[in-house]
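Dear colleague,

Please find the structure below. My notes on what was found in it follow.

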Amino acid sequence: MTVKACVFDVNSARRELQPHGTPEFPCAVYETRYTNAPGGDLCWHWHEDMEIWHVLEGRMELRLPGRTLLLRAGDCAAINANTLHAGGTDTACRLRALVFSPALAAGERESVFSRRYIQPLLACKPFDAHRFAPEEAEEARAAFSRAFEQMAAEAPGYEFAVREAVSRLCLLLCGRFASREGEGPAGQDGTRLRAMLEYIHAGFARPIALKQIASAANIGERECLRCFQRTVRLSPMQYLLKYRVTRGAEMLRANPGFSVSQIAAACGFDSPSNFSKMFRRFYGLSPREYRQRGA
């Protein structure tokens with residue numbers, strides 16, 4: 001298969017809609033360059049698949065509700081299914097990703113692989129994400145590279161080799177987390193953040209107040225502010241502004257027939273001039289200049 005750059009299609013709850021692989025073989029690989037330029041990061045999202053990252057160049061922050069893992073060149077990290085996550089770099093980063101359904105390693109739901117290994121791993125509270133430790137890293141990189149290369153080449157029988165490599169990665173994770181199913185936090189910040197992001201992303205085109213964002217997670221305004229600072233490291237209103245501007249940039253690229261005024265209104269700005277002012281603050285260009293450059 002062709003190795004693609006990772007492009008996100010998410011719904012209002014930030015669940016990724018893009019299928020990874022096919023129903024017959026639910027696995028895909030990606031290679032993407034990220035920068036510290038506006039729009040060059042990896043947005044908050046989640047999916048039902050597991051994911052393995054391998055940093056080839058630079059460094060990457062793997063952001064989770066409540067904590068951040070710093071990955072440097074050569075590091076591998078695993079992200080559990082249904083885990084809200086994002087990424088960003090302060091310089092530049094070349095990243096490869098392997099995204100696969102847990103069923104690829106588990107097989108039938110009642111199989112020994114599923115019951116004894118994969119289901120407990122998916123339900124393990126401490127395992128939201130894991131940077132492979134030095135004693136695991138060489139084996140993890142070898143398994144990742146084998147899966148990636150086999151997926152890219154698609155030689156006859158490559159599916160067996162990929163499934164073997166994915167199973168090896170899952171076994172490494174099981175060895176790390178097998179005895180820790182009941183430990184760890186309940187993921188309250190992640191649950192709250194999902195609810196608040198869903199509210200923002202579904203209604204960003206209309207006026208939104210801090211009280212409304214907090215109410216989406218059934219918490220007070222102060223706890224809403226604290227939750228966003230712990231997880232996203234922005235205030236809710238700063239995040240809302242950034243999201244509106246980012247969506248405006250997407251619309252400028254995807255809808256050449258739309259005027260700047262139309263896009264400003266569609267993104268929740270009270271005037272085209274305010275949209276242009278905020279857009280220039282984030283991108284260093286006016287909306288028209290951004291569109292003309294085909295950014």
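Which residues make a nonpolar surface patch of about 350 Å²? The patch is made by V112, F113, Y117 and L171. Such a patch consists of nonpolar side chains (Val, Leu, Ile, Met, Phe, Trp, Tyr) joined within 5 Å, from residues with over 30% relative accessible area and no salt bridge; a salt bridge is a side-chain nitrogen of Lys or Arg within 4 Å of a carboxyl oxygen of Asp or Glu. Areas come from the Shrake-Rupley method with a 1.4 Å probe. Helix α2 (residues 112–123) gives the largest share, 3 residues.

This is a predicted model, in which local features need pLDDT of at least 70 and side-chain atom pairs count only at pLDDT 80 or more, while totals for chains, interfaces and linings use all residues. Residues are numbered from 1 along each chain, and side-chain values use heavy atoms, without hydrogens and water.

The mean pLDDT (the predictor's confidence in each residue, from 0 to 100) of the chain is 87. It stays under 50 over residues 7–14 and residues 182–186. Where pLDDT is low, the predicted coordinates should not be read in detail.

Yours sincerely

Notes: Patches are made of residues with over 30% relative accessible area and no salt bridge: like charges are joined within 9 Å, nonpolar side chains (Val, Leu, Ile, Met, Phe, Trp, Tyr) within 5 Å. Helices (H or I, at least four residues) and strands (E, at least two) are DSSP runs, numbered from the N terminus. Contact means heavy atoms within 4.5 Å.
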